Amino acid sequence: MVPPPPGEESQTVILPPGWQSYLSPQGRRYYVNTTTNETTWERPGSSPGIPASPGTQRSPVPPTVNGYHASGTPAHPPETAHMSVRKSTGDPQNLGSSSPGKKQSKENTITINCVTFPHPDTMPEQQLLKPTEWSYCDYFWADKKDPQGNGTVAGFELLLQKQLKGKQMQKEMSEFIRERIKIEEEYAKNLAKLSQNSLAAQEEGSLGEAWAQVKKSLADEAEVHLKFSAKLHSEVEKPLMNFRENFKKDMKKCDHHIADLRKQLASRYAAVEKARKALTERQRDLEMKTQQLEIKLSNKTEEDIKKARRKSTQAGDDLMRCVDLYNQAQSKWFEEMVTTTLELERLEVERVEMIRQHLCQYTQLRHETDMFNQSTVEPVDQLLRKVDPAKDRELWVREHKTGNIRPVDMEI
């Protein structure tokens, strides 16, 4: 509000007690009753309820109380928005606050499920809280149409669904590793059983030694696979299964907390709408009584106007109080949304990193198992290189020979 400069109306016209004149930022004069906080474009008369210039054309601006027109929207002089929420500020302190000198009417905002957003036509792009990242805290404020039906899904609900899906994927990975462990255990069991098979047990010589080592290598390999399966269980499967055991319970608490804030916000919004309607009714009543006063002046009509003015003022105060409570609730919801979505983002990064580390552990165990398996066949390779059929034959002949006298021709 700008005080009138010297030489203007305030110096030539005496206003009734309690009234002051000001200039709006657009240069238009308006009047404020410092006692009742009533604002009006028309210069007030010397007596309450009597127009300053009877017979002149009435201002198209409807009567106002506490800065509110009969429609329930803010009056022009204060030029403030009573229910605008700007996520773009990134400062919860400023959410829903009024800013003198900036006209933000109801047409400049849209309300989606009781949450107030800037209208796309007036603010097509908003400043992001984390502009260099595709962060959860910037892109899940509104609702999204449910592809499975005609309803909508809240942005926060989508984030919760992703978290729960991630938990399910983690569980399924653990089950997959468990199946891998069963295969290893069954394979080790079959190798151990085969190593005890008596087939070709009577092979002799260096080849027999190599064959015996082949069977022993199966037992050694079975032991390697048993150790591999045990490490898979303790170092991969179990951590995957037990990571965030109470995750679903924690997510449910988080969901209930945000849902409670949304319910409170909806309740505050309903109170604002109710107070807005009450103010409209009081303003209409005041306007009607003011018109009656212009037609017929009487003490009773003046008393009715005073009473209607008090009720209208009270209705305006109630609306401002409801709007303030709504903005407080929305600010609290905004703060909790930012905090919670960032926490969900952190949890998702932590989950992915945890799974990555344990899958790296799986591949490391596989490499170690392959290395140990290779070590079980190295003795076999060594013995196979020593196989000497001539030596084997010599040893066998020495052991089993029956004599070195060869037969001769029969003589007559």
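## Close-up views of a predicted model

**View 1. The largest nonpolar core and the elements that build it.** Of the 30 residues that make up the largest nonpolar core, Trp141, Phe156, Trp333 and Leu344 are the ones that touch the most other members. The structure shown here, as in every view below, is a predicted model. Two or more residues of this core come from each of the elements β5 (115-118), α3, α5 (247-295) and α6. Among these contributors, α6 gives the most to the core, namely 12 residues. Another core, which lies apart from this one, has 11 residues, including Phe228, Ile355, Tyr362 and Leu365.

**View 2. The aromatic pair formed by Trp134 and Tyr139.** A pair of aromatic rings is described by the distance of the centres and the angle of the planes. The structure holds 5 aromatic pairs, and in one of them the rings of Trp134 and Tyr139 have their centres 5.0 Å apart, with their planes at 25 degrees, so this pair is stacked. Trp134 has a relative accessible area of 75% and is therefore exposed, whereas Tyr139, with a relative accessible area of 38%, is partly exposed.

**View 3. The aromatic pair formed by Trp141 and Trp333.** In this pair the ring centres of Trp141 and Trp333 are 5.6 Å apart and the planes stand at 75 degrees, so the arrangement is edge-to-face. Trp141 lies in the loop between α2 (136-139) and β6 (143-145), while Trp333 belongs to helix α6 (residues 299-385), so the pair ties together parts that are 192 residues apart in sequence. Trp141 and Trp333 are both buried, and together with Phe334 they form one aromatic cluster.

View 4. Ser195 is found in helix α3, which covers residues 155-195. Is this residue, Ser195, buried or exposed? With a relative accessible area of 10%, Ser195 falls under the 20% limit and is therefore buried. A polar atom of the Ser195 side chain lies 2.6 Å from the backbone oxygen of Ala192. When its neighbours within four places in sequence are left aside, Ser195 is in contact with Lys215, Leu218 and Ala219.

Methods
Residues are numbered from 1 along each chain as its sequence is written. This is a predicted model: local features need pLDDT of at least 70, side-chain atom pairs count only at pLDDT 80 or more; totals for chains, interfaces and linings use all residues. Side-chain values use heavy atoms; hydrogens and water are left out. Helices (H or I, at least four residues) and strands (E, at least two) are DSSP runs, numbered from the N terminus. Buried means under 20% relative accessible area, exposed over 50%, partly exposed in between (1.4 Å probe, protein chains only). A polar contact is a pair of N or O atoms within 3.5 Å; within protein, one must be able to donate a hydrogen and the other to accept it, and residues adjacent in sequence count only if both atoms are side-chain atoms. Contact means heavy atoms within 4.5 Å. Rings of Phe, Tyr and Trp (its six-membered ring) pair if their centres lie within 6.5 Å; planes under 30 degrees apart count as stacked, over 60 as edge-to-face and the rest as tilted. A nonpolar core is a set of buried Ala, Val, Leu, Ile, Met, Phe, Trp, Tyr and Cys residues joined through side-chain atoms within 4.5 Å.
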